[in-house]
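This briefing concerns one protein chain, shown below. Please keep the sequence and the structure in view while reading.

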Amino acid sequence: MLAGHVGDGACLRPAQAYGGHQVSYASHLLPPDQLAALLKQAGLVLDARLLQEPAEGATRTIATFLAHKPERS
């Protein structure tokens with residue numbers, strides 16, 4: 001299972017985390033179709049995909065993917 005925020009390819013570089021702690025990292029909001037393609041490229045079989053629109057007060061869509069490794073024949 002893979003889940004997280006998705007987007008249009010934007011790169012976010014926050015300077016503060018919860019509680020005001022300083023952070024330094026990049027977060028890439030990839031489109032759901034691109035994430036599904038990457039899972040397939042990795043040799044996984046995609047079983048389910050769920051897109052959850054932002055709740056009231058939220059701004060980002062959440063995507064959840066369920067995939068499995070195929071059995072060898």
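The points below cover the overall fold, the surface, the nonpolar core and selected residues.

This is a predicted model, in which local features need pLDDT of at least 70, side-chain atom pairs count only at pLDDT 80 or more, and totals for chains, interfaces and linings use all residues. Residues are numbered from 1 along each chain as its sequence is written, and side-chain values use heavy atoms, with hydrogens and water left out.

**Fold and dimensions**

- The protein contains 1 helix and 5 strands, where helices (H or I, at least four residues) and strands (E, at least two) are DSSP runs numbered from the N terminus.
- The order of these elements along the sequence is β-β-β-α-β-β.
- The radius of gyration of the protein is 15 Å, whereas a compact globule of 73 residues would have a value near 11 Å; the radius is taken over C-alpha atoms, and the globule rule is 2.2 Å times the number of residues to the power 0.38.
- The C-alpha trace spans about 50 × 30 × 20 Å along its principal axes.
- Of the contacts with a separation of 6 or more, 35% join residues 24 or more positions apart; contact means heavy atoms within 4.5 Å.

**Surface and charge**

- Buried residues make up 12% of the 73 residues, with buried meaning under 20% relative accessible area, exposed over 50%, and partly exposed in between (1.4 Å probe, protein chains only).
- The protein exposes about 5900 Å², of which carbon and sulfur atoms supply 52%; accessible areas come from the Shrake-Rupley method with a 1.4 Å probe, and for residues only the protein chains shown count as cover.
- The mean positions of the 6 positive and 6 negative charges lie 11 Å apart. Lys and Arg count as positive and Asp and Glu as negative, while His and the chain ends are not counted; each charge is placed at NZ of Lys, CZ of Arg, CG of Asp or CD of Glu.

**Nonpolar core**

- The largest nonpolar core has 6 residues, namely V6, L35, A36, L39, A63 and F65. Such a core is a set of buried Ala, Val, Leu, Ile, Met, Phe, Trp, Tyr and Cys residues joined through side-chain atoms within 4.5 Å.
- Helix 1 (32-41) and strand 5 (61-68) are the elements that give two or more residues to this core, and helix 1 provides the largest share, with 3 residues.
- In soluble globular proteins, nonpolar side chains tend to be buried together.

**Strand 5**

- A63 belongs to strand 5 and is buried because its relative accessible area is 1%.
- Not counting residues up to four places away in sequence, A63 touches L2, A3, G4, V6, L50 and L51.
- The C-alpha atoms of A63 and P32 are separated by 6.6 Å, although the two residues are 31 residues apart along the chain.
- T61, also found in strand 5, is buried with a relative accessible area of 17%.
- Beyond residues up to four places away in sequence, T61 touches G4, H5, V6, Q52, E53 and P54.

**Loop between strands 2 and 3**

- A26 is found in the loop between strand 2 (10-12) and strand 3 (27-29), and its relative accessible area of 34% makes A26 partly exposed.
- A26 touches C11, L12 and R13, leaving out residues up to four places away in sequence.
- The C-alpha atoms of A26 and A15, 11 residues apart along the chain, are separated by 9.9 Å.
- Y18 lies in the loop between strand 2 and strand 3 and counts as exposed, at 81% relative accessibility.
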